[in-house]
Amino acid sequence: MDHPYKSAADRAFWKRAFLTGWESTLAVGAPLIRRGERVASAGSCFAANIVPYLEAAGFEYVRRDRPPAVFADVIDDHFNYSRFSAAYGNIYTPRQASQMLKRALGRFKPIEDRWIVTADRIVDPFRPGLKYPAACEREFDWLTAHHLTEILAAVRTADVFVFTLGLTEAWVSSADGAVFPACPGTVAGRFDPDHHVFKNFSAAEIMQDLTELIDLLREVRPGLRVVLTVSPVPLVATATGEHVLVANIYSKSVLRVAAGEVSRSRPDVSYFPAYEIVTGPQAPYDFFEADRREPSRLAIDAVMRAFLSRCEGAPDQVQAGAVQLTPATADAWNDDAARQLSKLVSEAQCEEAAAGL
Amino acid sequence: MQSESSAPGDRAPGDRLEFIVAGHSHMFALGAAYGYEGPIALAPVDAAIPNGYFLMEPWSAGRGAAYWDALAEHARDRVAVLLLHGNQHYAHFVFAPSPLFDVVDPHAPNFTPYPGAVLVPRRQVKASPLLMPAGLRDMILRLKAEGAREVIVSGTPPVREDFVDYTEELRTHEQWAAMAAHMGMDISRCQFTPAPVMRSLWGVMQEIMSDEAHAAGAVFLPVPPTVLDPQGYLAAPYRGPLWNFTHANEDYGKAALPHIAAAVAALERSGA
């Protein structure tokens, strides 16, 4: 008797789905990224890992709001500000991302928009880990305005936007629902139970927020294609009162459902199964470091091998450990030459002054 | 210029507190003789300011250990006025890095970022060693430890707005074009740091010097307000020839020296 499974590919059967090179059969369809397209990304900390692989494979990653390489030695990268397209750092929930775009578009102004630690130290609640906060409110206003402008510029420049969902749990302002990337008082600021409330987004809310995010992105950049992924990195902690393992599985399940639903219901939205590659039962034990939280280099290589196999014109192989994961400083050489020439001009002035005097 | 050897600490009662101006090339705008060829020695700054001296030595694009040793010795019971470096903004940024960057100037009432420039936090620029006057804090601490009555760190000449005329002209010089090409740059296409950005960098540099001075227990003396034009650039009367845009002219010195002398007098009145 004939039935649908008779003609199904090996990838449909658990027993035969994990033969050599199986990652490339994980998803099929149009390329996630085509040769010559520019890619921007945002999301949780895991999302930052894709950037060096994309660049090594010859794809252009959009970088805005990035100081020249001459300041590379003073860039703080603990919170990934220098590893995303416009210095926004880790974004864990789609609502945080959509609020960021609304701020950039002038449609949302959080009430709690700055933390004045001292008169000369003004912290951005939405980028609390910046190593170099503004030295006065005037500088804060300019830096924030510039940052928001650069976000729009990054989206406008991109052809593909990769968004990695990280968490359902967040801390929000009780005044207007503004989502903070970290609980106030942890990275910076001061926790105030009257003003900072816990929020665990439901699947319906995540789906709604993702849809809104995609609409906003496409309002800024019509035709933008979107790739959704879910971070395999477990929660560092939960505020639900549940065991962190239970809270983590709930959170990742909600995100996975939302990503799947939205990618099926919206045009030009793809889902890429990074979460499955790292956390599925097929994954080797050493896909996580000893803390069982941090994905290993092997895992990242495997994810990116599979990702690049879905991109047009990408190299067939990702050599294990071959990609440098630290932020690229492509302009460093040019900056060095510029500095050497500047020094020569300055010295020549002194010599000419000597001759003149 | 007459040079003078002077034993420290031999002030008679009623004598004014003496000061010694020492440092790098910006001393020459104040009147220190560029072609000085004698031994390391003190030289009066100006007949009208009898309590001020330059610490002189033949200039060779820098100062050696003997110069600073002599300063420490001469500065005992006097005020040391340090005019260190001051061209770091030009020396690192005449040719603009990529991307072009700007820094918020919180003191400029009408500040707007340079179009197209990435805005870098002021703290981040200050944290870079590029604008830091090398050795300033150590020198202050040494002078104070060895008996200087007080140490004043003098501000350095502001940026002149028209320096970009000079840098743009560099594109036409075969020598600079060849040098740039040797470093892999096309001088006809490279970007020079615009004047407003250079002005901001100068401001950051003054702030760094002020911070260093205060951290080491010294006094920072900003440039006289009169040398600035309304936009915060070096005012036209204090500019020398364009080919020497990194230095101010002698009229700048005529404004700066009394400014320094007044600061020393104020210190004396305050009991320094």
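Predicted model: local features only at pLDDT ≥ 70, side-chain atom pairs only at ≥ 80, totals over all residues.
1. A disulfide requires two cysteine sulfur atoms within 2.5 Å. With a relative accessibility of 27%, Cys45(A) is classed as partly exposed.

2. Over all chains, the disulfide count is zero. Cys311(A) is a buried cysteine, at 7% relative accessibility.

3. Salt bridges are present: the whole structure holds 37 of them over all chains. One of these joins the side chains of Asp113(A) and Arg114(A), with an N to O distance of 3.2 Å. Asp113(A) and Arg114(A) are both buried.

4. The pair in point 3 belongs to a network of salt bridges, in which Asp113(A) and Arg114(A) are linked with Lys109(A), Glu137(A) and Asp141(A).

5. In chain B, Lys126(B) meets Glu207(B) in a salt bridge at 2.8 Å, N to O. Lys126(B) sits in helix α3 (residues 122-127) and Glu207(B) in helix α7 (residues 195-215), so this contact ties together parts of chain B that are 81 residues apart in sequence.

6. Lys126(B) also forms a salt bridge with Asp211(B), at 2.6 Å from N to O. Here too the pair links distant parts of the chain: Asp211(B) is in helix α7 and Lys126(B) in helix α3, 85 residues apart. Asp211(B) has a relative accessible area of 34% and is therefore partly exposed, the class that runs between under 20% (buried) and over 50% (exposed).

Definitions and conventions: Residues numbered from 1 in each chain as written. Chains lettered and ligands numbered in written order. Heavy atoms only, no water. Buried < 20%, exposed > 50% of the residue type's maximum accessible area, 1.4 Å probe, protein only. Salt bridge = Lys/Arg side-chain N within 4 Å of Asp/Glu carboxyl O. Helix = DSSP H or I, 4+ residues; strand = E, 2+ residues; numbered from the N terminus.
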